[in-house]
Amino acid sequence: YIMKTILCFASVGALLLCSCAPKNRTIAVTYPETASVAQEDDYFGTKVADPYRWLEDDRSEEAAAWVEAQNKVTDAYLSHIPFREKIKARMTDLTNYEKFGSPFKKNGKYYFYKNDGLQNQSVLYVQNTLDDEPTVFLDPNKLSDDGTVALSDVSFSNNGNYVAYAISRSGSDWREIFVIDLATGALTNDHVQWAKFSSAAWHGDGFYYSAYDAPEKGKEFSNVNENHKIYYHKIGTPQSADQLVFEDKKHPKRFYYAVTDEDEQALFIFEDGEGNGNNLFIVNISNVKSAKNVPVLRLTNSFDYRYSPIEIVDGKLLIFTNEGANRNKIMVTALDKPQRANWVDLVPETDAVLSDASVIGDKLMLKYDKDASTHIYRADLQGQILSEIALPTLGSASISGNKHSEEAFYVFTSFTFPPTIYRYNTATDESVLFRKANVKFNPEDYTTEQVFYPSKDGTKVPMFLTYKKGLKKNGKNPVLLYAYGGFNISVNPGFSTSRLVLLESGGIYASANLRGGSEYGEEWHLAGTKQRKQNVFDDFIAAAEYLIDQKYTSSEHIAIQGGSNGGLLVGAVLNQRPDLFKVAIPQVGVMDMLRYHKFTIGWNWASDFGTSEDSKEMFDYIYQYSPLHTIKSIAYPAVLVTTADHDDRVVPAHSFKYIATLQANNTGQNPTLIRIATKAGHGSGKPLTKVIEEQSDIYSFIFWNLGLTY
């Protein structure tokens, strides 16, 4: 999850998953010795040992040697799986198709991303019209020899003079910003460092960005990030001359982001980092010649709700918010009277969750989620619904365009529906197919159903089940159960070629929409936070129990997977119900719930988690589910933890300490392994080759430990 912020790839004859594989799947494993230290902390009178504290220094020589030893054991185990290379080859073949991003228009030209098939990163192309032959504008694959430098953001100046692009090194959240002169195509001398959670918000021949002070050398990936600031960078000047626009020394643990509207009438500053909402500031920049000493007007003063400007149209500011609206609404005010007291409702709350809104041409495009599936409506600027775009099936869609053109593009995808791009006219309400992916599988062979199952307290929870048509409910089907359950994030249907390896072979992919997400608005989110976090775990456990009760599968055939907050989910339920699952894949998980807030931006997750320092009651609650601290001396299911050495969001120490503890306590024969990617981060920015390698290892591990073959 970014701040309060997560995972995709199968002419083949008869590939078959079956239970006719050899019964004995035991591969001898000798785990590396993990040194133990006498570390004990006192939390409100409760003494808690932390014997692997030394692994928090993940840049130390000792930790590096431990990582190398763990990876050696894991790779040796995976190398014994006879179909590992077959799965990798199939994933590579499935992934090898042209992938297009939705076109976007800037300064009279069209831009779009394209991947020929197996390129590590998609290339940015440009064309004057949609009928012209496109040419390469920026190829991020040439930014480094080993693919570890990733393009993370591109932002065009509104005056057509420049484009700023940001890069990430080795998957880090740190960003460096460079600038291209559009007239010459040459790189300028501009270079901004230590930006984080920021893009370039243009104003004239310069841009606003958010950054931290340069971290202590050697601590770039573990130090707590404090004192986020907003600067203005003028093209042609060194970063040392950048003007400080906004900071708040009294509140070092808050984020500040800058956004400008398309016509550069206003600068909006988001204040985030406390509660479940944000505050909003506005700066009138329409007549400002310098970013220095610009008056900043605070519009809100509470972290109870979310506020986001949509667009400025005809002197009116449209604002997306959940203030007084559990499922979100749109408010409007005059730009020259933006104070909160002047806001009025434009689009009221409905039974569906308003998840996004934009102004394209003279129409308001409204994106709603109904039971975790997208619906897009066209409305006039007074908020009256005019029509709904007919989407192909249950799935996810996003629409893009700008307020000065009636041309729009939307992308639709679902579990077995590769991303497909449609061209749309907001004036005529007409859609035409623009680009369709050509993946080497037949989507007509599969089906997706949505079920609603009862959780422990009776709450109905939605879950998508995708599988091959003709599936028999015999209680023996292999299942991969995935969920996230946190930070107001909805897990909607999406396409992944890696899952096809499971689906085409007779398995079921189950995606559960747990509390903690945004599927049913803020109430659904809050129901999975702080001292209600157990609801999330109960929802996930109930999903597995439902699949068993309905004869889709049995506990011997269920693998579970989740990343980041979802890694915490997998770790927690594994300790609570180890009998319910056969395989577990916790990825980049938050495993040490007592100390998570002490690393990088971990403190920002307290709005969902609370912290061990808040109160004895909060400590007691967190302590009873923290994955690291609830490991028992029992026989565990097969576990493969994944993390990365440059993850500076959920630092790898979480996974290091967790697997060391699990290896020391697992009394059974099932493997408890960790796969640590090098020169990689939290998930984004990985070269495609590394993504395929990781996914093939994960699925090989799952198949092998479910007793299946390929």
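Contact is taken here to mean heavy atoms within 4.5 Å. The structure is a predicted model, in which local features need a pLDDT of at least 70 and side-chain atom pairs count only at pLDDT 80 or more, while totals for chains, interfaces and linings use all residues. Residues are numbered from 1 along each chain as its sequence is written, and side-chain values use heavy atoms, with hydrogens and water left out. The pLDDT, the predictor's confidence in each residue on a scale from 0 to 100, has a mean of 93 for the protein, and 95% of the residues reach 70 or more. Over residues 1-22 the pLDDT is below 50, although this stretch has 90 contacts in the model beyond near neighbours in sequence.

Arg53 lies in the loop between strand S2 (46-49) and helix H1 (61-79), where helices (H or I, at least four residues) and strands (E, at least two) are DSSP runs numbered from the N terminus. With a relative accessible area of 17%, Arg53 is buried; buried means under 20% relative accessible area, exposed over 50%, and partly exposed in between (1.4 Å probe, protein chains only). When neighbours within four places in sequence are left aside, Arg53 is in contact with Val37, Gln39, Asp41 and Arg595.

Salt bridges, defined as a side-chain nitrogen of Lys or Arg within 4 Å of a carboxyl oxygen of Asp or Glu, number 39 by this rule. One of them joins the side chains of Asp93 and Lys440 (2.8 Å, N to O), and this pair links distant parts of the chain, with Asp93 in helix H2 (residues 84-95) and Lys440 in the loop between strand S31 (430-436) and strand S32 (446-454), 347 residues apart. Asp93 is partly exposed at 24% relative accessibility, and Lys440 is partly exposed at 40%. In the salt bridge between Asp263 and Lys403, the closest N and O atoms are 2.7 Å apart; Asp263 is partly exposed, with a relative accessible area of 35%, whereas Lys403 is buried at 13%. The side chains of Glu694 and Arg675 also meet in a salt bridge (3.9 Å, N to O), in which Glu694 is buried at 7% relative accessibility and Arg675 is buried at 14%. Through shared partners, salt bridges join Asp41, Asp50, Arg53, Glu56, Asp592, Arg595 and Lys657 into one network.

A nonpolar core is a set of buried Ala, Val, Leu, Ile, Met, Phe, Trp, Tyr and Cys residues joined through side-chain atoms within 4.5 Å. The largest such core has 132 residues, and those with the most contacts inside it are Met463, Leu481 and Phe703. A second, separate core of 17 residues includes Leu346, Val359, Leu364 and Tyr377.

Strand S26 (residues 373-379) has six of its seven residues buried, so this strand is largely enclosed by the rest of the structure. Two strands are said to pair if DSSP finds at least two bridges between them, and strand S25 (residues 363-370) pairs with S26 in the antiparallel sense over seven bridges, with Ile376 in S26 as the bridge partner of Lys367. The hairpin of S25 and S26 has two residues between the strands, and Asp371 takes a positive phi near 50° there. S26 is also joined by three bridges to strand S27 (residues 385-388), the two running antiparallel, and Tyr377 stands opposite Glu388 in S27. The hairpin of S26 and S27 has five residues between the strands, and Gly383 in the turn has a positive phi of about 90°.
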